[in-house]
Amino acid sequence: MVKTLYDCCLQCIAINLRTLNRPGVYLTRSQKEVLLERMCWHEQFTKENLPAISYYLLSDNLNRIHLSYSDKVTDDVIKLLCTCKCSPKWLTVHSCKTITSKGLLFFTELVSRVETLQLRKLPGLNDSVMCSLAVGEPLTHLDLRDSEGVTNTGLIAVLKRCPNISYLNIAFLSQLTDRSLIEAAVQLKGNLVELDAAKVYNITSLSVQKLAEKCCNLAIVNFDGCLKLDGSGILMMAQRCKLTVLKLSFCYGIRSEAIGRILQCDVVKENLEELEVFGATFDCNTALHLDRFNCLSRLSLCGVVHLTNEMITKVFVAIGNQLIKLDLSNCSQLTNDVCDPLVKYCTSLEGLCMKAIPDLSCAKLAGLFTDKRRASAFKCIVFSACKNLPIKVIEAVVANCKNLETLMLAACREVDDTVVLSIAKNCPKLKRLSLRGCRATDPSICEIAIHCHELLLLALAGLHKLTDKSVIALVGNCPYLEELYISGCSLISPAATRYLKVCKLYANHNIASND
């Protein structure tokens, strides 16, 4: 891959920062911000580099500081940001596990001007740190996802000082209870527009009802995995708020009748654009409500085991032409009979997920992808674990869907080197590709590396003929690659796996015992 001159220059500056003559004088603010992010990512926040980073890159006029996935970002780095009087409007610290609560206390004054604060997956983030943060009215976006040390006390302390928060992400904060959401409703009122409370297991309909009462402008809500919800609070929210996105996956306490009542609300029918109900309990009457939505364009029914061909066909007839994303994965009752109405009525699709539908073997599905206008619109296609998917369908996908960003073909028996070479030739925009358990070898994977430079994730587990040659090609040509799954690739050496770790790339490489 040929890097741009801009990227080469920034890389050169990062490597030689200590020896260059006053580089900070010639760098713009945005260039300093990019350098900080890239040096962090490449573990260049070493003790030797910190003085130069402090002198040339850190200043009080930086608007954006993004530090993520680095073991070199320690308490000393956070202290240095404060010493240099950095006061960004956007601050992200994500998965920097060596920062302790003592280091995070240096944030006290660092966040006084911040508008977007992302403190994600930080073991050291606790209530003491949260209570000390000097955040205030400028803060509009707060993201604490996966920082499990935060409890009601710490979150409420911030909410009381920041009434203008419009985006609140508290996903996976398992210690939170209704108390936090009730306080969010009282403090944020109509300012709150988007709430992500996925896997906050202890919240109940009591706090959701308070949100519905106080936060009239809520539009996007995610309650995935909130097992104690019974649907009454969601129903009240559906009646009072103009919801555009509703995610209720794995909310097993919400029964089919409750989902039906929520979907019957006139406000929901008029405004809802995206619905996710993975694993929900559906009956025929519930599904029929979906055919009356004016704006619904993204529909995810993954794992709805009672969904039948007849039920989903009625939905396709009514609103198929407005759907741009459809997920029917693991809907085990669907058969080949669903293909005809899918091709006929769903004419605007950009994303289609039909993972693990055991009886899917209809060649008519190729009709979605043979029309070049329709095919060029697709950005995401998932057929993983559809073992009997015809080669005609696969060939139509890889030949005509030239704007694909996600393609998952794991365990599809017909995928071989010929198919993978076609992917490399026709799908240069791919960011996520799964070929697990397929019949690809080094030559085709090397072509993927040469042509698909934007890859972020590549799953090659179970490709027994792959060698170190593929690994070297991928590392050398795919600069954005973050995840590589090569379990079961027995010909890939431990040395190649170590090389991946040196390149700071997550590699899953487990070899079955020969015993």
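This is a predicted model: local features need pLDDT of at least 70, side-chain atom pairs count only at pLDDT 80 or more; totals for chains, interfaces and linings use all residues.
Residues are numbered from 1 along each chain as its sequence is written, and side-chain values use heavy atoms, with hydrogens and water left out.

**Entry 1: the strands**

I looked up how the strands are named: helices (H or I, at least four residues) and strands (E, at least two) are DSSP runs, numbered from the N terminus. Two strands pair if DSSP finds at least two bridges between them.

How many bridges join E2 and E3? I found five, in the parallel sense. On to E1 (residues 64-68): five bridges join E1 to E2, and these strands run parallel. Leu 67 stands opposite Val 93 in E2. Then I checked E3 against E4, which pair in the parallel sense over three bridges. There, Thr 116 stands opposite His 141 in E4.

Next I asked about cover. Buried means under 20% relative accessible area, exposed over 50%, and partly exposed in between (1.4 Å probe, protein chains only). In E3 (residues 116-120), four of the five residues are buried. E2 is also mostly covered, with four of its five residues buried.

Is Ser 147 buried or exposed? Ser 147 counts as buried, at 0% relative accessibility. I found Ser 147 in the loop between strand E4 (141-143) and H8. For neighbours I used contact, meaning heavy atoms within 4.5 Å. Leaving aside residues within four places in sequence, Ser 147 is in contact with Leu 119, Arg 120, Lys 121, Leu 122, Leu 125 and Leu 173.

Glu 276 was next, in strand E9 (residues 274-276). Its relative accessibility is 10%, so Glu 276 counts as buried. Not counting residues up to four places away in sequence, Glu 276 touches several residues, including Asp 224, Lys 247, Ser 300 and Lys 325.

**Entry 2: positive phi**

Most residues other than glycine have a negative phi. I noted two residues with a positive value.

Arg 22 is not a glycine, yet has a positive phi of about 50°. Arg 22 lies in the loop between helix H1 (5-15) and helix H2 (29-41). At 47% relative accessibility, Arg 22 counts as partly exposed.

Lys 85 has a phi near 60°. Lys 85 sits in the loop between helix H4 (75-83) and strand E2 (90-94). With a relative accessible area of 66%, Lys 85 is exposed.

**Entry 3: helix pairs**

Two packed helices are described by the angle between their axes and the distance between the axes. Axes are lines fitted to C-alpha atoms, for helices over the stretch in contact, and angles run from 0 to 180 degrees between N-to-C directions.

Helix H8 (residues 152-161) and helix H9 (residues 178-188) have axes that come within 10 Å and cross at roughly 0°. H8 and H9 are therefore roughly parallel to each other (angles under 35 degrees count as roughly parallel, over 145 as roughly antiparallel, 65 to 115 as roughly perpendicular and the rest as oblique). The residues in this contact include Leu 155 and Ile 156 of H8 and Ala 184 and Leu 188 of H9.

Helix H21 (residues 442-451) and helix H22 (residues 468-477) cross at roughly 5°, and their axes come within 8 Å. So H21 and H22 are roughly parallel to each other too. Among the residues that meet are Ile 445 and Ala 449 in H21, and Ala 473 and Leu 474 in H22.

**Entry 4: the core**

A nonpolar core is a set of buried Ala, Val, Leu, Ile, Met, Phe, Trp, Tyr and Cys residues joined through side-chain atoms within 4.5 Å. Which residues have the most contacts inside the largest nonpolar core? They are Phe 223, Phe 369, Phe 383 and Ile 423, in a core of 175 residues. I followed Phe 369: leaving aside neighbours within four places in sequence, its contacts include Leu 352, Phe 378, Val 393 and Cys 401. A second, separate core has six residues, among them Val 382, Met 408, Ala 459 and Tyr 485.
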